[in-house]
Amino acid sequence: NTLFKERMNCVWSAVGFRLSDGGARFIIHQCKYGGDPRLLRKLGNWIATRWDPPPKGVVLVPVPIHPKRKLQRGYNQSERFAIGLGEVWYVKVDGAGLIRKEHGVSLTGSNRQGRAQSLRTAYGYNNLKNRSRMSPVILVDDVLTTGATLRECRDILELRGRVVLGAVVLALA
């Protein structure tokens, strides 16, 4: 969790597990590509029981995926994970606050600089559907590798006056 806080530069964070073994990698692969969004919700429930809830009044904002990716997959893995967390912590999920503007290739295997460059224009703020304009935010993602995705999403929200307290991820690479 200390490594996560350093990568994200945040005051609150929670991590499910490290991707240091084959079993953890298999679980993440099943979550993203196995076609079972219920597994993500259950993992969100499980992780929420092992961490103290975030501060009162926050909203969980999952990292968005591009509509084409969502159509292929059938769901946004970060949003399903956030729903599971929210059920246990009694925290609302705002899955419409951020949007993925660009449909790109997977960043798996990219280095820190490559990820940051690729993500610079990938995300945006959804003015029309942002349901929780004033609530502080906890970002939710499936895997934290370099922190570039979470930092980019945080920057977009903070430019719009939102307060981002931290993030929760299913796994830390």
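**Exercise 1.** In what order do the elements of the chain run from the N terminus on?

*Solution.* Start with the ground rules: this is a predicted model, where local features need pLDDT of at least 70, side-chain atom pairs count only at pLDDT 80 or more, and totals for chains, interfaces and linings use all residues. Residues are numbered from 1 along each chain as its sequence is written, and side-chain values use heavy atoms, leaving out hydrogens and water. Next, take helices (DSSP runs of H or I, at least four residues) and strands (E, at least two), numbered from the N terminus. The order is then α-β-α-α-β-α-α-β-β-α-β-β-α-β, with seven helices and seven strands.

**Exercise 2.** Find what share of the chain counts as buried.

*Solution.* Apply the cut-off: buried means under 20% relative accessible area (1.4 Å probe, protein chains only). Of the 173 residues, 49% pass it.

**Exercise 3.** Describe how helix H3 packs with helix H5.

*Solution.* Two packed helices are described by the angle between their axes and the distance between the axes. Here H3 (residues 37-50) and H5 (residues 77-89) pack at about 40°, their axes 7 Å apart. Now list the contacts (heavy atoms within 4.5 Å): H3 residues including Leu40, Leu43 and Ile47 meet H5 residues including Phe81, Ile83 and Val88. Finally, sort the contact residues: 10 are nonpolar, five polar and three charged, where Ala, Val, Leu, Ile, Met, Phe, Trp, Tyr, Cys and Pro count as nonpolar, Asp, Glu, Lys and Arg as charged, and the others, Gly among them, as polar.

Conventions: Buried < 20%, exposed > 50% of the residue type's maximum accessible area, 1.4 Å probe, protein only. Axes fitted to C-alpha atoms, helices over the stretch in contact; angles between N-to-C directions.
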